[in-house]
Each structure stands twice: as C-alpha cells, then as structure tokens.
Amino acid sequence: MSRIGVFICHCGENISRTVDVERVAAEVGKMPGVSFSTDYKYMCSDPGQNLLKNAIQEQKLTHIVVAACSPRMHEKTFRKAVEAAGLNPYLCEMANIREHCSWVHENKEEATVKATEIVGMMVERVKKNRVLPTITVPVTKRSLVIGGGIAGIQAALDIADCGHEVVLVEREPSIGGHMAQLSETFPTLDCSQCIMTPKMVDVANHPKIKLYTYSEIELVEGYIGNFQVTIKKKARSVDEDRCTGCGVCMTKCPQKKIPNKFDQNIGMRTAIYVPFPQAVPNTPVIDRDNCTWYKTGKCGVCQKVCGPGAVDFEQQDQLVVEPVGAIVVATGFDLYTIDEKPKGSPIKGYGEFGHGKIPDVIDGMTFERLASASGPTGGKILRPSDGKEPKQIVFIQCIGSRAREKGISYCSKVCCMYTAKHTMLYHHKVHDGQAYVFFMDARTPGKSYDEFWRRSIEEEEAVYIRGMVSRLYQKGDKIVVMGSDIAVGVQVEIEADMVVLATAIQPQKGAELLAQKLGISYDKYNFYSEAHAKLRPVECATAGIYLAGACQGPKDIPETVSQASAAAAKVMTLFSKDQLEREPIVARVKESGCVGCFACKKVCAYGAVEEKEIRDRQGNLIKTVAFVNPGVCAGCGTCQATCPSKSVELDGYTDEQVIAMIEAL
Amino acid sequence: MWPPKKGNHSGLPLPLRPHMQKQITQQNLNILLDSLIKEGIRVVAPHMNGGTPLYEPLTCSADMNTGQLPRRSAKEAFFPVCEDIMTYEKEGQKVTVTDIDPVRFPETVLVGVRPCDAAAIPVLDAVFSWDYKDEFFLERRRKTTIIGLACTTADDACFCTAVGLSPAETKGSDLFLTPLVGGGYVCETYSDKGEQLITNHKELFSDTGGAKTLPLAQPETGKIDLKKVKAWLDEHFEDPLWDGIATRCVGCGACAFVCPACHCFDIVDEGTEKAGTRRKNWDACGFWKFTHHASGHNPRDGQPKRYRNRIMHKFKYYDDKFGQTLCSGCGRCVRVCPVGIDIKAIIDTILNSEC
Amino acid sequence: MQPTKQNTFEPKIIAFVCTWCTYAGADLAGTSRMQYPSNVRVLKFPCTGRIDPVFILKAFQQGADGVLVSGCHPGDCHYIAGNFHARRRFAVFRKLLEFVGVDLNRLQFSWVSAAEGGKWVEVVTDLTEKVRSMGPMTEFKELAMEEQWSGAINTPELQEAYNSI
Amino acid sequence: MTQPIDTSIYAAITEAIQAEAHRILAEGEVTAIVGYAAARRKGSAQPIIITDAADSVKLIFTPACVNNLAVYLTKAKKDIPKNGKIGIVVKGCDLKALSGLMGESQLKREELYLIGVPCAGVLASTVCPDQELTGDSIAPKCTECDAHLPTGCDFVPAETLVTPELERKYAVEIARLEALTPAERWVYWKEQFAKCIKCYACRQVCPFCFCEQCLCDRNKPQMVDTTPRPAGNTAWHIVRAMHLAGRCAGCAECERVCPMDIPLNLLNRKMAKELKELYNHEAGFEVLDKGPLNMFTEKDDQSFIK
C-alpha cells in the first residue's frame with residue numbers, strides 16, 4: 001500500500017488568493033492512499049523543502065505530490081529534495097495549480113474544486129510511478145569531424161588541443177575547403193590563405209588528429225558515446241607513407257590540360273595532382289578518369305619518375321572502422337550552379353544570366369580565384385574569354401537567393417559583403433575600371449560590416465543600383481546588362497566587359513544522404529537541422545551529433561568559426577565524464593508480448609529500436625523482438641502509441657499512469 | 001464433498017411426469033404472454049434481432065418468432081453473458097463492498113425453448129449446486145418458468161437424437177408445447193410451476209380435442225453410443241488424434257458461448273481506484289488465457305490440449321462427476337465454428353478409431 | 001465537474017497535451033494572468049506521438065464531455081516527427097469515431113506553441129462553450145449503465161421507478 | 001438479383017490444386033500444405049493441413065471454401081512445424097493479407113509456396129454451404145472484390161474467369177450510414193455492439209490480430225473493459241477497427257465468423273475508404289516497408305486541426 005504525501009503550496013498568495021489551499025489539503029487527505037496532506041506558504045523555499053524531507057522520513061512516505069507551480073518550473077527542485085530524503089526522484093510528481101489554475105481563474109470555488117481534482121489526478125498517477133534508476137552510458141572519448149573546411153579544422157583543433165583524439169574526414173584530396181579558395185576576406189581584407197594554411201598545417205602536425213582525406217563516411221552505427229563509423233578511403237593511387245611530396249610526378253605528367261576544380265576550372269592541372277600548392281596533405285592523387293595509364297594502360301611516367309616508388313596503380317578503396325563518442329558535422333556548402341541543373345534538383349530557373357554560355361559571366365568564387373595571388377592569373381583580373389582586363393564590371397547580387405519562385409527562399413547572407421569586397425579588390429587592381437552592383441537590399445549586420453560596405457561606395461567608387469537585372473546579352477565583346485534602378489525609377493543599360501554573379505549558398509550535393517547515414521534531420525533545402533533554433537543551435541536532435549558551419553545554413557567565416565568552437569565545447573562537455581547520465585524517461589520492450597512487427601522501429605525518428613533475437617538454451621531462434629537502445633531513445637513515446645500489443649512502454653508515461661489519471665477525473 | 005453424489009443437489013423440485021394435458025390456440029398463447037408482460041413478469045422468447053434470432057425479453061407477444069433456433073442458447077436466462085456480483089467503493093482508507101442481492105432478479109417466463117436448450121438446463125443444475133450453491137444461478141432457476149416447444153424443423157448440424165434426446169424431448173420444461181396442424185399447441189405440464197401457470201390462466205386453455213400434432217423434425221444423425229465414447233476418452237488423454245482434429249482450431253470462444261451446456265465463467269473487477277464492480281462473465285476453454293497461470297506457465301499450452309478439454313469435459317469429466325453428458329446435440333457449435341470444427345464428426349471419428 | 005447550480009451544465013473537458021508546446025503555452029497563459037473557463041483538466045505527455053487513441057476513448061468513457069488533443073505545430077516537434085505521426089493517427093481515428101456516431105464537435109485537435117498562451121485560452125474557451133451548448137455527452141455514460149438483458153437485475157417496474165426519480 | 005455466377009472452373013481448379021500439391025509434397029518442395037477439404041455437412045468445406053502427398057486428393061476448391069487460411073501462418077495463432085516451406089491455397093483476398101503480414105515481418109515470401117486460386121466468389125456466411133453461388137448467395141466481400149485473379153503466386157491454374165458486376169454491398173451500406181446523423185449512427189452501432197458476447201472469433205480468425213497478448217486482454221492497466229457489456233463491447237470494436245486501419249485488406253473473416261452477425265467489416269471498409277481518401281493507401285497490393293499509420297508526409301491533411 002502506498003503512503004502518499006501531498007504538499008499544497010500557497011506560493012505566497014499566488015495560489016492561496018484564488019484556491020482555498022486548506023480545503024484542498026483536507027479533501028486530498030481523504031483520498032485513498034494519501035497518508036499525509038498539508039499546505040505551506042512557500043514549498044520551494046528551504047523550510048518548505050525541509051518540511052517535505054522531514055515528512056518523508058517521519059511519515060515513512062513512499063510517493064510524493066507537490067501541488068504548486070508548473071513542473072517546468074520546479075520539478076527538478078522537488079525531485080532533488082525527494083532524492084535527498086532517500087526516495088527515488090521519479091516517485092515525486094507535481095500538480096500544477098498555479099499556472100493552470102489559480103492564475104487563470106477568479107472564482108475561488110471553481111478554482112478550489114479544480115485544484116482538488118488536479119491534485120487527485122496526480123495522486124492516482126504517482127501511485128503507478130515506478131522507481132527509475134538513472135541511465136548511464138559509457139563514453140568513447142574520441143571524436144569524428146566530418147569535413148575539413150574551416151569549420152571542421154577549427155572544431156578538430158579545439159577538441160584535439162583539449163587532449164581528445166579526433167578523426168577528421170575530408171572528401172577532397174586536401175583539407176582547406178572553400179576558405180582556401182578565397183582571395184581576401186571581409187571586412188579586414190586579410191589574405192585568406194595566409195590565415196588558413198597555418199591552421200591546415202596545425203591539423204597535419206597535431207598528434208591527436210588522425211586525418212583521412214579523399215575519404216567519405218560509409219556507415220554510422222551506434223549512439224551517443226558509442227558510435228562505430230565506417231570510413232571509405234578512396235584509392236589515391238599514391239602510397240601516402242612513401243610519398244615525400246616532392247612533386248616530380250606532377251611536373252612530368254603528360255596530361256596537363258585538365259580543368260582544376262579548385263580554380264573553378266579556369267586553371268589547369270595534371271592527371272596526378274594536388275589541388276593547390278599548399279595542400280594538406282601534400283600527397284598527390286591520380287585522377288583516374290583523366291590518367292593515360294587508366295585509359296589506355298600505357299604511360300606510367302609518374303611511377304617511373306617517383307623516387308620512393310609511391311605510385312601504386314593497383315591501389316583499392318579501403319574501409320576503416322573508427323570508434324568515436326561524438327560527431328561534428330561540418331560539411332559546408334556548395335554554390336548554386338545556374339548554368340547546369342543538377343540531376344533531380346527541385347530548383348527552377350537554371351541557365352539564366354548567360355552563365356555557362358557567355359564566357360565572361362562568372363560567379364563570385366571564380367572572381368575569388370582571379371583575384372587570388374595564387375590563382376590561375378596570379379591575382380590579375382582578366383577576362384576568361386580573351387585575357388583582357390575588364391574596364392566595366394557588373395556585379396549582380398541575389399542570384400538564386402531570396403527567389404521563392406525558383407525554390408530558394410532564404411538569404412545567402414554572405415553575398416552582400418563579398419560583393420562589396422569584390423568591388424574593392426577590383427578597384428585596387430584595375431584603377432581605371434568602374435564597378436556596378438545590382439542589388440535588392442544590402443544586408444550588412446556584423447562587426448565593422450556596414451562600414452566596410454559604405455567604404456566600397458564612398459571610397460572605392462562602386463556604383464550601387466537598387467534593382468534587378470531584366471536582361472543580359474552578348475554584343476560584340478561586350479555584355480549588355482539591362483535593369484532598372486528602382487530608387488531613381490529609370491531603366492539602366494550598361495555595356496560591361498565582365499559580369500560577376502553572387503550565386504546562392506546551397507547545401508553540399510548529397511547532403512541528405514549523409515544525414516540519413518547519421519540519422520539527423522534536415523530541412524527542405526537539405527540544410528541540417530539543429531535541435532532547437534535558439535537554445536540548442538549546435539546540437540542535432542540526435543544525441544551526440546553536433547553541427548558546425550554552413551551545412552546548417554549560410555554563414556560567414558567568423559560565425560562558422562564560433563560555431564565550430566561551440567560544437568567542440570559541446571563535445572568536450574560530453575567527454576568530461578566517463579559515463580553519460582541521462583533522464584530515465586526511455587522506452588522499454590516487454591519481450592514476452594512483442595511479436596516483432598517492428599511498427600515501433602518504423603516510427604522511431606532516432607533509430608533507437610533494434611531487432612533482437614531470442615533463442616532457447618540450444619540456440620534455436622524462438623522469435624525476433626524489438627529492443628530499444630536506452631542510449632539513443634529520446635523518450636517521445638511514439639513507439640508505445642503505435643505498438644498494437646502495447647509491448648513497448650515509455651517509463652514515466654506508462655499506460656497505467658495515463659489511465660489512472662483519466663480514471664481519476 | 002468429493003466425489004460428488006450423483007443426483008439432485010439443487011434443492012429445486014424434481015420434474016414430474018406429465019400431469020396435466022391441455023390445448024391452447026396461438027391467439028390465446030399471445031394473450032397469455034401479453035398478460036404476463038403486463039403483470040411485470042419478464043417474458044423471454046425467441047425473437048428476431050435484426051436478422052439474428054435470439055432469446056430476448058419481449059415487450060409484446062407479437063415479437064415472438066420461433067421460426068429459427070436462436071443463435072445463443074437459453075442458458076443465459078440463468079447464467080447471464082455478464083452479471084454484477086458485487087460493487088465496491090473506496091473513501092480514504094475505507095472500502096465498502098455491497099453484494100448484489102439475488103432477490104432483485106426478475107420473475108421470468110422463458111417461452112418457446114427448444115428441447116435441446118431446455119434439456120441442458122437441469123444438467124447445469126448439478127454443477128451449480130454440488131459443493132458451492134450458486135445463488136445467482138439457483139435464484140434465477142427458482143424464478144423462471146420454462147415453456148418448451150417441440151421442433152418441427154432441423155438441419156444437418158442438428159444431432160439431438162444422437163445424444164439420446166429428440167425434437168419432442170420434455171426434459172427441463174415446466175410446460176411443453178407441441179404445435180398442432182392448423183395452429184395452436186398441445187400443452188403438457190411437467191412441474192408444479194407449469195401447472196400453476198395453467199391454473200392461473202385457466203380461461204385461455206382448453207381440453208385436448210384429439211387434434212393432430214404437426215410432424216416433428218427428424219435429424220438425420222443416428223444414435224451415438226455415449227458409453228463407448230466415454231470408454232475411449234477414459235483411455236486416451238494422450239492420443240495423436242487430438243492433434244489431428246484440433247490443429248485447425250483458432251482458439252475463439254464461439255462454440256462455448258453458443259453452447260447450452262458450457263458453463264465456465266471468469267470473474268473480473270471493472271472500475272477505477274475509487275469505485276467499481278465485480279462481474280462474472282462467460283469464459284471458454286478454447287482461450288489461451290483460460291488456464292494461463294500468473295507465473296506465465298500454461299498447462300494447456302496448445303490448441304489441441306484446449307480442444308481436448310472441451311470434448312473431455314462434455315463426454316467424460318461431467319459424466320464422471322454427475323453421471324450426465326454435457327451436450328444436447330443442438331449443433332450450434334458446428335454452425336458457428338469459424339473453421340468448421342464439427343463435434344459430431346469428431347465423436348464419429350472417435351467411435352470409428354481402432355482402439 | 002459537478003453542476004454548480006441546478007440546471008446549469010458544466011462540461012468536463014479533458015486535454016491531452018504535449019509538454020514542450022501546449023503545456024508551456026498554458027503555463028504562459030497563466031503567467032500572463034489570462035482567464036478561461038475552469039472546466040479543462042490537462043494531462044501532460046512528452047509528445048503528441050505518445051497519445052494513444054484509446055486514451056481519447058477512455059476519456060469519453062470516464063465521462064468527458066469534450067476532449068482536446070494539442071501539440072506542436074508541424075515542423076516544431078521536439079522529437080523530430082512525433083506530431084506528424086500523431087496527425088495521421090488522429091485524422092484516421094476521428095473518422096472512425098464519427099462513423100460509430102460520436103459527434104466530432106466534442107473532439108478538438110489543435111497546434112498550440114509555447115508562445116501561444118492566447119491561442120490556448122481561445123481553444124479551451126471555444127471548446128468549453130461549444131460543448132456547454134451541446135449539453136452532456138450522454139452516449140458513453142448511458143452505455144456504461146447498460147447490461148445484457150440476462151445480466152440486468154432491475155425489472156421493468158424498477159426501471160420505471162428509476163426513470164421517474 | 002438472383003444473378004447466377006459461373007463457378008464451373010472450380011472443378012478444374014480443384015484438380016489442378018491436387019496435382020500441384022501432390023507434386024510439391026512428393027518432391028519435397030514443401031513440408032506441409034494448408035488448403036481446404038470437404039467436411040461432414042453437405043457441401044461444406046473446412047481448412048486442412050496436409051503433410052503427406054497421398055492426402056492431396058483431399059484438397060478441394062468450391063464456393064464453400066470461405067476461410068482465409070493466412071491465419072494459420074502467423075505465430076500467435078498456429079504453429080505449423082516450420083521445418084521447410086509451407087504451401088498454402090490462397091484466393092486473391094487472402095493473398096492481400098499475406099502481403100500485409102510480410103510487410104509486418106510476420107512472414108517471409110521465400111518460406112511460402114503460394115497456390116493461387118482464381119476465384120469468382122464464395123458463399124455468404126448466412127446461406128447453407130450446399131447453395132449455388134448467385135448474386136444473392138455470394139459473400140458481401142466478393143461484391144467488391146478487386147483481386148479475382150491472384151498475382152505473384154508460385155502456381156496459378158491457367159484458367160481465367162469472367163466475373164459479373166455486382167452491387168457493391170459495403171459501399172452502399174457505408175454511404176447509407178454516412179448519410180445518417182451521428183446520433184442515428186450511434187443507435188445503429190449500439191444495437192450491433194450490444195449483441196457481442198466477446199467470443200473473440202473476430203480476433204482469432206483475423207490474420208492481422210497476431211499479437212501474442214491482445215491489448216484488450218491486458219489488465220494492468222485495463223485499457224478496454226473485458227466483460228461483454230455494451231460499454232466494453234463498443235470499446236473493443238472501436239479499438240480493433242483502429243488497430244486494423246491501414247492493414248486490413250478486407251478478407252471479411254471477422255464478419256463471416258461473428259456468431260452474432262455484427263457487420264464488422266463495415267468498420268474496416270470505412271477505415272480503408274478513409275485511408276484511400278486521405279493518403280491514397282490501399283492495403284495488400286504490395287509488400288510495404290511502412291504502413292500508412294507508421295509513416296507521414298509533411299503535407300498530410302490537417303484541416304481538422306485548429
């Protein structure tokens with residue numbers, strides 16, 4: 001028989017003004033199972049909590065109901081107090097008679113009746129509460145970082161500097177990501193590579209960082225603290241251990257005219273290559289699609305010239321399994337490619353603005369490569385068509401972004417700033433040139449950002465035209481750009497030598513496939529979703545997985561770096577304990593009743609439900625049942641409502657508890 | 001108390017030999033029933049509920065429809081589908097329990113009862129009164145007058161003749177009606193209750209005038225040697241035959257629930273923490289839960305074992321205890337079985353089996 | 001809730017709500033000192049995904065005159081997709097209840113976020129007013145009193161006597 | 001509408017079933033076959049499980065072969081020794097149940113040998129098994145059949161058959177009930193459910209009621225009253241209809257076996273109709289990874305939500 005103690009709080013006068021608390025205490029005292037019932041001015045105060053603790057010991061109470069404010073306010077307080085008095089904290093429930101009663105009703109009689117019923121309901125519920133032990137999960141103190149751009153690099157360095165091993169996986173042959181491609185960065189105009197490459201080298205030299213480049217995530221199993229990640233190391237055709245990075249192979253390779261993706265296909269590279277001179281690691285990769293050896297079986301020059309004998313044409317893809325406890329996803333972004341529509345893309349409106357048809361219409365990233373000192377033109381702004389210096393240049397913003405009709409409704413956030421930067425870089429390099437910018441709005445929130453934008457107009461003489469471009473066509477060696485200046489209300493026509501499009505930031509191609517492997521959610525654009533937009537902006541809803549950088553949504557570098565450090569901090573918080581403790585509100589399967597229809601597995605958004613074989617002593621399979629991994633279960637209870645035989649039950653919200661409450665009414 | 005003495009334990013008066021023979025027209029029978037209804041007596045008779053024939057209380061004699069064998073047997077007049085036996089109420093630490101008083105059961109006249117249904121009722125008296133006297137059953141028996149009705153039609157599921165009964169069997173009836181050519185019935189009394197009914201409504205009955213009775217039904221099945229069946233069952237608790245005949249049983253309770261003689265029940269409490277009712281309702285040995293122990297062990301762990309119990313109980317155990325067979329050949333179980341299990345065919349198989 | 005005055009019917013409303021949104025929204029209504037009828041009793045769940053249709057049935061059987069189920073707006077689920085599963089489940093269940101003859105005016109579904117204290121007040125007030133004007137939900141209450149004829153213990157006169165009380 | 005229905009090919013189907021059953025048992029392709037055999041009462045048929053090729057002559061197919069034999073393959077109902085493939089005689093409607101069971105991990109296609117039966121219809125439960133099959137005596141479910149010829153079976157007798165257009169009995173009845181007021185419908189179902197005696201024949205013959213312990217048999221907590229009183233009966237049938245929503249493909253076994261003639265399949269057909277309208281879901285035509293109530297789309301109807 002339960003001995004329930006009920007404590008009715010006055011909350012000063014907040015409750016007692018409209019609820020006759022003495023009467024509630026008296027009424028509740030008569031309820032079956034209640035052996036102690038009292039009221040007190042402030043239950044949450046120290047004397048109030050002591051009253052509770054003493055009563056538990058003196059009255060030998062087995063279950064507690066505190067009728068006071070919302071459990072969202074003080075449930076933790078009272079459960080702690082109950083625990084201190086030697087009871088399991090989950091044998092304490094709160095009845096909300098403040099927010100849901102005294103504050104929303106004026107009639108004292110009605111409020112008193114309602115409060116009594118609310119308490120009665122919780123009395124019936126608490127009778128069915130069970131002792132729930134806190135769940136502990138061991139933590140593997142190694143972390144996986146997916147993506148070797150600035151976000152991944154920052155997160156990896158922070159975690160590694162804290163003394164925890166990091167596995168950094170990058171899809172491309174080198175780390176560096178998009179930031180390595182940039183020329184200068186706003187708003188300080190410092191050289192991107194100058195600030196980026198030291199960090200890349202730090203990664204390469206860090207004893208706690210294990211780097212996998214030219215590698216992809218194949219499979220993710222397990223749960224917070226205990227992931228098993230299978231990584232596919234794509235065949236490089238060059239033995240990383242033997243290669244010294246001397247580069248002779250690249251100078252001797254006969255295939256020299258392969259467009260280099262790193263240079264936005266303006267510059268050329270060889271078939272055996274590193275994407276850029278400062279690549280980390282400095283080990284080349286053979287591009288098998290363009291290599292003469294792989295195409296014809298002849299050549300093999302690189303192998304012949306390689307002193308250490310590192311070139312290995314027979315190399316195969318390798319699968320490596322790494323156990324980790326936390327995962328940081330930092331896969332970055334891709335640019336809206338308006339010239340060719342990627343297969344299956346829902347985005348409308350490709351092929352506008354002559355991109356892909358008119359050679360001198362380029363995107364912002366190509367401009368970065370032109371402006372970069374290490375780029376294909378050595379930092380000179382030259383037209384791709386004839387190598388001439390453009391004297392009139394037009395920048396068009398919001399290409400793709402904020403175009404609901406095309407399927408991208410969001411603002412790409414960085415384009416206003418980098419276009420302003422482009423006008424400056426242009427002005428610095430082509431002193432007699434004129435830059436025009438077509439823009440809808442200038443969005444420049446950020447430290448020193450607006451000043452930077454104003455400088456491009458006031459000091460660097462860029463002409464900003466508020467309005468969109470309606471038509472653009474080639475005329476001789478000029479590009480005619482027609483648009484309207486809505487601020488002045490006139491049509492504008494510019495004969496430009498070059499046009500630069502500020503294309504939208506999109507998630508990486510195949511972002512959704514990685515999300516499915518990780519079991520994390522993503523929005524309709526395939527940007528990864530955080531657990532809470534405000535309060536948990538770096539955590540995924542799936543425990544143990546964190547987000548950094550533009551894979552979550554458009555971000556500039558400072559924001560990306562902050563989030564990466566934040567994600568690293570979250571990982572370190574997780575690693576600060578040997579065992580992970582979590583609230584025991586998780587689903588459990590009653591195996592005797594389970595028939596293995598796996599409806600629970602089908603509705604579980606967390607992949608917490610596994611299949612478990614039950615065998616007799618001889619090892620014969622009796623049946624396959626569901627098993628809920630308590631480390632993964634988030635405690636929503638959708639499985640229980642779905643289970644036809646109610647063989648899975650959410651602790652803390654069992655059918656018995658719910659039915660008891662309904663029956664109490 | 002073990003073994004139970006064979007014979008009458010119920011304290012109910014034993015049936016008499018036909019004592020009084022009268023005749024009644026259909027019209028007068030209706031008048032009789034209507035006046036009983038008016039007197040506040042519950043008149044239960046075969047009635048069409050939608051398309052389903054059931055024994056149900058009448059509000060008017062015209063609602064009686066004896067054309068088809070009711071889907072459920074007449075046993076429920078004494079052994080309801082579900083009945084309250086007590087209620088409880090909790091206040092604070094105090095629990096108040098109130099028993100249902102059988103005195104409140106209504107006086108009932110059960111009319112148009114088929115011979116196979118009526119004959120099963122005295123068989124049930126034995127089990128409800130040998131050690132524990134089930135006042136719920138017995139009070140309803142005391143308060144009910146049974147008017148039997150001879151059968152003029154039968155189908156190929158009927159086998160009353162096989163178990164020693166017949167379409168004219170009067171066992172269990174207080175008053176027995178045999179339809180006459182051209183309407184009306186011959187009425188024979190078999191108990192004081194039956195006689196009382198005629199005496200109280202003398203004006204509606206007339207003396208028999210030698211009118212011809214309608215030809216009665218002739219079920220096509222021959223007689224079963226029940227002794228031989230029992231003898232086989234005595235020796236064959238374990239037999240491969242059980243697996244053969246009952247593998248297809250799906251474990252529902254349809255056969256038991258429509259049976260006039262099956263009488264297992266379950267007792268459940270329904271209600272909330274604060275108040276509720278203890279109820280008794282039909283149970284069936286075909287359910288897996290029937291013998292499922294709290295420990296999780298189930299001595300009848302397969303459908304063949306459960307079905308064996310059904311046959312054993314009907315043709316052996318009840319005979320061992322009370323010297324009677326728990327089957328009156330109504331054929332209801334044969335008609336309702338979802339998977340065509342045919343008790344008659346099973347008895348035939350037993351009789352034809354080698355040993 | 002018992003009728004407070006003779007001949008005034010006060011409906012009993014049971015609300016099944018998600019703790020992350022509607023429960024918090026109701027808390028907000030409280031902290032904002034908004035006023036609404038006292039007829040509603042709130043049962044807290046981790047997610048609408050946990051709410052079994054049987055609970056709704058049970059609530060009606062236990063004498064609820066109206067039932068409210070309220071959770072997070074689509075896309076806002078704390079558990080990724082619990083409310084989407086609930087949406088399908090209840091879209092189907094309400095059709096079933098309607099088919100067996102339950103007046104769906106007594107069963108309300110809503111999305112109320114933690115910020116929508118005002119909407120909570122509106123939803124609860126509207127449902128209470130609507131159900132009050134409809135009168136008590138007699139169907140399940142009457143059903144609970146009914147017996148199979150064979151188990152009934154009151155004779156027709158008794159029944160009449162009961163009816164006349 | 002005493003429209004006669006041509007069942008002349010049933011004799012040829014019987015022969016073909018017997019020959020195929022003999023072959024697969026004799027060749028050891030299957031260890032047992034679930035089929036139909038003649039029973040004692042005139043014209044009647046009953047399920048049979050044979051393991052010996054010599055017994056294949058017992059197999060028949062007639063309009064009295066009403067059962068959905070899929071029920072014998074689910075663990076909770078029957079444990080046919082599974083030391084090899086099981087052969088099973090299936091009508092189109094039965095086959096739909098099998099695909100549902102495969103989707104719910106209860107059966108594996110590779111463990112079954114499906115003998116598909118082209119079926120023009122079977123007899124209603126209300127008529128004697130020796131009756132001719134006509135537009136009147138046909139089972140109501142057969143008037144709405146969309147699977148006369150089973151597909152994807154291992155063996156189907158080659159015959160095709162002509163099936164007459166019949167009035168769709170459930171559609172008509174559902175439309176009639178939908179046109180009533182809620183109060184009128186309540187009265188209708190109250191009368192129907194009042195008859196229920198909780199014999200659970202509906203549950204026990206249902207291929208989808210494969211739970212080892214039914215929710216309605218549990219007593220901690222008592223989600224649904226177990227006694228056969230009107231309240232408990234109503235709750236039971238509502239809960240069962242909800243559990244079958246999106247899964248039931250309309251074999252109508254529950255309705256056929258109900259000794260109290262409760263039109264249970266009406267509830268299931270109504271649910272099927274709603275699922276078709278809401279989510280364009282039709283049960284049984286393919287093995288689905290997720291049933292309609294185990295999945296969602298962001299665009300699902302929410303017009304009923306405030």
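In the predicted model, chain A contains an open sheet of four strands, arranged in the order 2-1-3-4, with parallel pairing. Strand 2 (34–40) and strand 4 (92–96) of chain A form the edges, each pairing on one side only. Direction ignored, neighbouring strands of this sheet are turned by 15° against each other on average. Strands of a sheet pair through backbone hydrogen bonds, in either a parallel or an antiparallel manner.

The pairing of strand 1 (residues 4–9) with strand 2 of chain A consists of six bridges, and the two strands run parallel.

Helix 1 (residues 21–29) of chain A lies across strand 1 and strand 2 of chain A, and its direction makes an angle of about 175° with strand 2 of chain A. Helix 3 (residues 71–84) of chain A lies across strand 3 (63–68) and strand 4 of chain A; relative to strand 4 of chain A, helix 3 runs at about 150°.

Chain A also takes part in a contact with chain C, to which chain A contributes 35 residues and chain C contributes 32 residues. On the side of chain C that touches chain A, at least two residues each come from helix 1 (22–31), strand 2 (40–45), helix 2 (53–61) and helix 3 (82–100) of chain C. Helix 1 of chain C gives the most to this side, with six residues. Sorted by class, the side of chain C that touches chain A comprises 17 nonpolar, eight polar and seven charged residues.

The overall fold was examined for chain D. Its secondary structure comprises eight helices and four strands. Read from the N terminus, the elements of chain D follow the order α-β-β-β-α-β-α-α-α-α-α-α. The C-alpha trace of chain D spans about 60 × 45 × 40 Å along its principal axes. Of the 306 residues in chain D, 56% are buried. Among contacts in chain D between residues at least 6 apart in sequence, 72% join residues at least 24 apart.

How values were computed: Residues are numbered from 1 along each chain as its sequence is written. Chains are lettered from A and ligands numbered from 1 in the order in which they are written. This is a predicted model: local features need pLDDT of at least 70, side-chain atom pairs count only at pLDDT 80 or more; totals for chains, interfaces and linings use all residues. Two residues are in contact if their C-beta atoms, placed from the backbone, lie within 7 Å. Ala, Val, Leu, Ile, Met, Phe, Trp, Tyr, Cys and Pro count as nonpolar, Asp, Glu, Lys and Arg as charged, and the others, Gly among them, as polar. A residue is buried if 20 or more other C-beta atoms lie within 10 Å of its own, exposed if 12 or fewer, and partly exposed in between; C-beta atoms are placed from the backbone. Two strands pair if DSSP finds at least two bridges between them. Axes are lines fitted to C-alpha atoms, for helices over the stretch in contact, and angles run from 0 to 180 degrees between N-to-C directions.
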